[in-house]
Amino acid sequence: MANLYGNKLWAEFREKIISLDGGVCITCGRSRADGVVMQVHHKRYITGRKPWEYDTSDCETLCRGCHAREHGEIRPASGWQYFGEDDLEDLIGTCDLCGSTIRFVHHVQHEHWEPMGVGTVCCDNLTGTEEATTARRRLGRLKRFIVSDRWIYTTNSHEINFKNSMSLFESVTYTVNLK
């Protein structure tokens, strides 16, 4: 079978699509002037159709890197979703993205990539959020609360005394029954 992408009709169609998209990658906005290779991506494939026999609306201009990401050849830079975490209780894990040693494994997934277990910073960078950082902060506060020396232990309950925000002289006592 001949290389269809070496055909003159493909070259003409390809340049038409790139021109329609303003000569820039529709994902990252870079162009040939930035030194990137421009490619045309088929949004869907139709059996028996040659690459130049598609409607222009079925194609889009992507740089080589964004095209590789679209086809799952390179890890996507965005579009990741956070779906949970595990505390390994010690620095015994490894971030699937950067390779650093981690204690907290944040699980992220992407529709075009395998799920990964990553550290806090990598999770926030991939998801474009601060979900992992917020979760770490919340857990740290909870652990400090639990080990506070303000807890008073009795036979049937644990009590903690807090200053009331309305008055420095009033306090509030919370009781946790152990029954």
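Predicted model: local features only at pLDDT ≥ 70, side-chain atom pairs only at ≥ 80, totals over all residues.
Reader: Among contacts in the protein with a separation of 6 or more, what percentage comes from residues 24 or more positions apart?
Author: A contact here requires heavy atoms within 4.5 Å. Among the contacts with a separation of 6 or more, residues 24 or more positions apart contribute 41%.

Reader: How many helices and strands does the protein have, and in what order do the elements run?
Author: The protein contains four helices and 10 strands. Read from the N terminus on, their order is α-β-β-α-β-β-β-β-β-α-α-β-β-β.

Reader: In which sense do strand 1 and strand 2 pair, and over how many bridges?
Author: Strands of a sheet pair through backbone hydrogen bonds, and the sense is either parallel or antiparallel. Strand 1 covers residues 38–42 and strand 2 covers residues 59–63. In this pair, Val40 has Thr61 as its bridge partner, and His41 stands opposite Glu60. The sense is antiparallel, over five bridges.

Reader: How many residues of strand 1 and of strand 2 are buried?
Author: Strand 2 is largely enclosed by the rest of the structure, because five of its five residues are buried. Cys59, Thr61 and Cys63 point one way from strand 2, Glu60 and Leu62 point the other way, and all are buried. Strand 1 is mostly covered. The counts are five of five for strand 2 and four of five for strand 1.

Reader: Is the aromatic pair of Tyr5 and Trp10 stacked or edge-to-face?
Author: A pair of aromatic rings is described by the distance of the centres and the angle of the planes. For Tyr5 and Trp10, the centres are 5.1 Å apart and the planes stand at 90°. Planes over 60 degrees apart count as edge-to-face. The pair of Tyr5 and Trp10 is therefore edge-to-face.

Reader: Which class does the pair of Trp10 and Phe13 fall into?
Author: Trp10 and Phe13 are three residues apart in helix 1 (residues 8–20), so about one helical turn separates them. Their ring centres lie 6.0 Å apart. The planes meet at 40°, so the pair is tilted.

Reader: Which residues form the aromatic cluster, and which of them are buried?
Author: Two aromatic pairs are found, and Tyr5, Trp10 and Phe13 form one aromatic cluster. Tyr5 has a relative accessibility of 46%, so Tyr5 counts as partly exposed. Trp10 has a relative accessibility of 5% and therefore counts as buried. The buried members are Trp10 and Phe13.

Reader: Where does Leu91 lie, is it buried or exposed, and which residues does it touch?
Author: Leu91 lies in the loop between strand 3 (81–87) and strand 4 (93–94). Its relative accessible area is 55%, so Leu91 is exposed. Not counting residues up to four places away in sequence, Leu91 touches Thr101, Ile102 and Arg103.

Reader: How many bridges join strand 6 to strand 7?
Author: Strand 6 (residues 104–110) and strand 7 run antiparallel. Between them, His107 stands opposite Gly117. The number of bridges is four.

Reader: What is the orientation of helix 3 to helix 4?
Author: Two packed helices are described by the angle between their axes and the distance between the axes. The axes of helix 3 (residues 120–127) and helix 4 (residues 131–146) come within 7 Å and cross at roughly 140°. An angle over 145 degrees would count as roughly antiparallel. Helix 3 is therefore oblique to helix 4.

Reader: Which residues make the contact of helix 3 with helix 4, and how do they divide?
Author: Helix 3 contributes Thr120, Cys123 and Asp124. Helix 4 contributes Glu131, Ala132, Thr133 and Arg136. The residues of this contact divide into two nonpolar, two polar and three charged.

Definitions and conventions:
Residues numbered from 1 in each chain as written. Heavy atoms only, no water. Axes fitted to C-alpha atoms, helices over the stretch in contact; angles between N-to-C directions. Helix = DSSP H or I, 4+ residues; strand = E, 2+ residues; numbered from the N terminus. Parallel < 35°, antiparallel > 145°, perpendicular 65-115°, else oblique. Nonpolar A, V, L, I, M, F, W, Y, C, P; charged D, E, K, R; others polar. Buried < 20%, exposed > 50% of the residue type's maximum accessible area, 1.4 Å probe, protein only. Pairing = 2+ DSSP bridges. Phe/Tyr/Trp six-rings, centres within 6.5 Å; stacked < 30°, edge-to-face > 60°.
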